[in-house]
Each structure stands twice: as C-alpha cells, then as structure tokens.
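Subject: Structure for you to look at

Hello,

Here is the structure I promised to pass on. Please open it first, then read my notes beside it.

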Amino acid sequence: MPELPEVEALREFLDAHAVGRVLERAQPTAVNVLKTYDPPLTALEGGMVTAAERHGKFLDLTVGDLHLVVHLARAGWLRWQDALPEAPPRPGKGSLALRVRLSADGGGPAPGFDLTEAGTQKRLAVYCVTGPAEVPGIARLGPDPLAADFTRETLAGLLEGERRQIKGFLRDQSVLAGIGNAYSDEILHAARMSPFKPAARLDAEDTDRLYAAIQDTLREAVERSRGVAAGQLKKEKKSGLRVHGRTGEPCPVCGDTVREVSFSDSSLQYCPTCQTGGKLLADRRMSRLLK
C-alpha cells in the first residue's frame, strides 16, 4: 500500500506536472471507484489545476473550485503518461479505474494520468468534493507526523491513556496520518521496540526514541522518493525497507534473521535481536493451526 512517503512523492510529481494545466476530462472505467455523485465528476472538466496536496495517504488536486481526492488503497497506483491515447478507455477492461486528461502544451499530445488497481479487492476511491473535509477518511485523520507542529510533546500526548500495542497505535489513521503496515515496521525497528509493546508502557526514553524513529524513517523515505518517476516509486520503496517484507533475510543492523508474525489479512516483520531481546513473537496464524 502506498503510504505517506510515496503519496508525498506523487504529490510533488503532480505539483510539477499537473498544476497549471486544465483538466479536460476525468473518465472512470470502474463502476465502484467513484464514491461521490454531487458534484458530478464532469464538473471538474474545464477547471484549472491550481494545487496538489496530501492528507495522510490521500492525494488532493484542487481543480477550479472543486477537489479531486484519491485514496490508492492497498493495490492502487497512479501512472503518468506524457501522451495519453486518443481513444477513450474502455470500461471494465484490465486494471484501469480512472483516466484524467490534462491540457497540452502548444498543441502537442495531451498528458495525464491513469489510476489503476491490481487484484480483485477493488478499494481504490475517488471523490469529487467542494472541500477535502467532506471526505470521511480525511475528516477523521490525526496529525501529520511530518508537519512542523508535530513535536515530541504531541506524540507523548497521543500516547497518554493508549491501551493498544504500539504497532496498532502507529497504524491508526485517526491517531497519526499516513503511517501504514510497512513504515510502522520500519519505525519500530529503528526505535528498537517490539511491535507488541503496550503503548501505555512507553517511558520518556521510549517516547524519545519513537519520535526520532518516526521523523528519521519518514523523512529519509521521502528524500529517497523525491525526484523518482511515479512508475518507479514502488521499486524505490521496497529497496529502502530494512525489515518489512524481508522475512528470512539478515537484519542489516545486527545480522539476525528477520522474523514474521502473520494475521488474517496482513503480516508484520521484526528483528528479535534489535527489538525483542532475542525473544520470538508468537505467530498468531501458526498458533491457531497448532491448537
């Protein structure tokens, strides 16, 4: 799933390539992708793209007086094309969910982008709204961890009275906007902290380490992604991960084997030496099979 660093890189890409152009057409090809109907998607057509913003994992293009908001979900992606095909896309074909055509420079070919989604679980979401707060997922977002006003004290306040394990705390979008499964694994590895550690048990030193890990991990990932073409961002993300998705590989810090805990629809990765004092965490899926 694209998380804060990749969505921020896409925002910067659209700021450089889409802002200043007229949105000529927005054509959905999957019936489930559009989540709003008033105003209609056609109301965007003819509007100038004046800003590209990010809200957590949401992309937000200001088009005239409206906003085109996108959430890429788990398997969605944005694919830029300097020259879109002249023929309109055919509904219900392949992974294409939405095509946006923008105005050309000097009569040349029209650029734009496709929103695509792999797999059978179609969760990619597109909204046409008068303001981003009308999107329920944006309205409930917690603070952005890379915002200037997100301080160590802000994090400490969020941790007060928190009853969940720290992994779940980091992934909750109503607590912190933009961190998902992959970067929560990376943050906890950098903080040398077990994903199962109760958030309420973090002392002042733990909070210091966690805050530094959030800042360093996300800022380094954003910097790695900066300037990378939209089509290469997934590859760039994977290459920069130290433990997430690397089960069975050596930890780049200590050399221990990266381990995994599986759940019904996801998994987490961690290093026992770096994060749990050498203890192996119970794999919930295997534990059920062995009962």
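Predicted model: local features only at pLDDT ≥ 70, side-chain atom pairs only at ≥ 80, totals over all residues.

**What I found**

In strand S8, Ala 125 is the bridge partner of His 71.

His 71 belongs to strand S4, which covers residues 66-71. S4 is mostly covered: six of its six residues are buried. Which way do the residues of S4 point? Leu 66, Leu 68 and Val 70 point one way. His 67, Val 69 and His 71 point the other way.

S4 pairs with S8 (residues 125-129) through five bridges, and the two run antiparallel. S4 also pairs with strand S3 (residues 58-63), again in the antiparallel sense, over six bridges. Find Leu 59 there: it stands opposite Val 70 in S4. S3 and S4 form a hairpin with two residues between the strands. In that hairpin, Gly 64 takes a positive phi near 60°.

**The whole sheet**

Now zoom out. Strands of a sheet pair through backbone hydrogen bonds, either parallel or antiparallel. How many strands form the open sheet? Eight do, in the order S5-S7-S6-S1-S2-S3-S4-S8, and the pairing is antiparallel. The edge strands are S5 (76-81) and S8, and each pairs on one side only. From one strand to the next, the twist averages 25°.

Further along the order, strand S1 (residues 22-28) pairs with strand S6 (residues 96-102) over five bridges, in the antiparallel sense. In this pair, Leu 23 stands opposite Leu 102 in S6. Helix H1 (residues 4-17) packs on the sheet. H1 touches strand S2 (47-55), S3, S5 and strand S7 (112-117). The direction of H1 makes about 160° with that of S2.

**The cores**

The largest nonpolar core has 35 residues. Leu 14, Leu 23, Leu 115 and Val 126 touch the most other members. H1 gives the most to this core, with five residues. What does Leu 14 touch, leaving out residues up to four places away in sequence? The answer is Val 19, Ala 52, Leu 59, Leu 61, Leu 78, Trp 80 and Phe 113. There is also a second, separate core of 27 residues. Leu 146, Phe 169, Met 193 and Val 222 are included in this second core.

Thr 62 is found in strand S3. Is Thr 62 buried or exposed? Its relative accessible area is 11%, so Thr 62 counts as buried, because buried means under 20%. Leaving out residues up to four places away in sequence, Thr 62 touches Met 48, Val 49, Thr 50, Ala 51, Glu 53 and His 67. Thr 62 and Gly 47 are 15 residues apart in sequence. In space they are 9.0 Å apart, C-alpha to C-alpha.

**The largest pocket**

Last, look at the largest pocket. Its volume is about 820 Å³. It is lined by 33 residues. Met 1, Pro 2, Lys 57, Ala 73 and Arg 74 lie nearest its centre. The elements that give two or more residues to its lining are S5, S8, helix H5 (181-190) and helix H7 (233-240). The largest share of the lining, three residues, comes from H7.

Best wishes

Methods. Residues numbered from 1 in each chain as written. Heavy atoms only, no water. Buried < 20%, exposed > 50% of the residue type's maximum accessible area, 1.4 Å probe, protein only. Helix = DSSP H or I, 4+ residues; strand = E, 2+ residues; numbered from the N terminus. Pairing = 2+ DSSP bridges. Axes fitted to C-alpha atoms, helices over the stretch in contact; angles between N-to-C directions. Contact = heavy atoms within 4.5 Å. Core = buried A, V, L, I, M, F, W, Y, C linked by side-chain atoms within 4.5 Å. 1 Å grid on protein atoms, 1.4 Å probe; cavity = no way out; pocket = protein on both sides within 12 Å on 5 of 7 lines; lining within 4 Å. Points joined across faces, edges and corners; volume = space filled by probe spheres on them.
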